[in-house]
Amino acid sequence: MPQILELIEDDHDLIRVLFNEIEHDPKSRDVRCITLHRELLAHLIAEEATLYLRLREVAPEEVEVSLDEHVTIRERLERFEVLPEGDEAWMEALADLRDWVEGHFAQEEDNIFAWARHYLSRSDLFALGRVFEKEKEAIA
Ligand SMILES: [Fe+2]
């Protein structure tokens, strides 16, 4: 079982691939969108229940920034419930969601990961990895 930062990075990579596929392959867009929605939400929830909860005591401001970004990403995801798939407004909403998600991932991989590496032990990172996986399984 990998440690939590590797699992989070794997999720980020998968989500980036899904965005690429949705943008470039309209045929599989409907299925990919369902997968993106599920993966993204499960990722946010599992992160909040593990790494963010754990880092809150040592880096409250950084965790607060990340939690605010999660709120914005959830709001951006909700837009898709009312937009017709693939039209101009839909494509704009997708680009906007992607901007937020990419910015958030970059911030997390730089900032939150640095705090985690500094404050959490190796065994903590592995133990959190197990909980992260369990949280995601429970949501799926
Ligand atoms: Fe993340």
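## Helix packing in a predicted model

User: Which way does H2 pass H3, left-handed or right-handed?
Analyst: H2 passes H3 in a left-handed crossing, a crossing being left-handed if the near helix is turned anticlockwise from the far one by less than a right angle, and right-handed if clockwise. This is a predicted model, where local features need pLDDT of at least 70, side-chain atom pairs count only at pLDDT 80 or more, and totals for chains, interfaces and linings use all residues. Residues are numbered from 1 along each chain as its sequence is written.

User: And at what angle do the axes of H2 and H3 cross?
Analyst: The axes of helix H2 (residues 29–55) and helix H3 (residues 60–78) cross at roughly 165° and come within 11 Å, with axes fitted to C-alpha atoms over the stretch in contact and angles running from 0 to 180 degrees between N-to-C directions. That makes H2 roughly antiparallel to H3, a label for angles over 145 degrees.

User: Which residues of H2 meet H3?
Analyst: His37, Leu40, Leu44, Glu48, Tyr52 and Leu55 in H2 meet Val63, Ser66, Leu67, His70, Ile73 and Leu77 in H3, where contact means C-beta atoms, placed from the backbone, within 7 Å.

User: Changing topic, how many helices and strands are in the chain?
Analyst: The chain has five helices and zero strands, counted as DSSP runs (helices H or I, at least four residues; strands E, at least two) and numbered from the N terminus.

User: What does the C-alpha trace span?
Analyst: Along its principal axes, the C-alpha trace of the chain spans about 45 × 30 × 20 Å.

Technical notes: Angles under 35 degrees count as roughly parallel, over 145 as roughly antiparallel, 65 to 115 as roughly perpendicular and the rest as oblique. Two residues are in contact if their C-beta atoms, placed from the backbone, lie within 7 Å.
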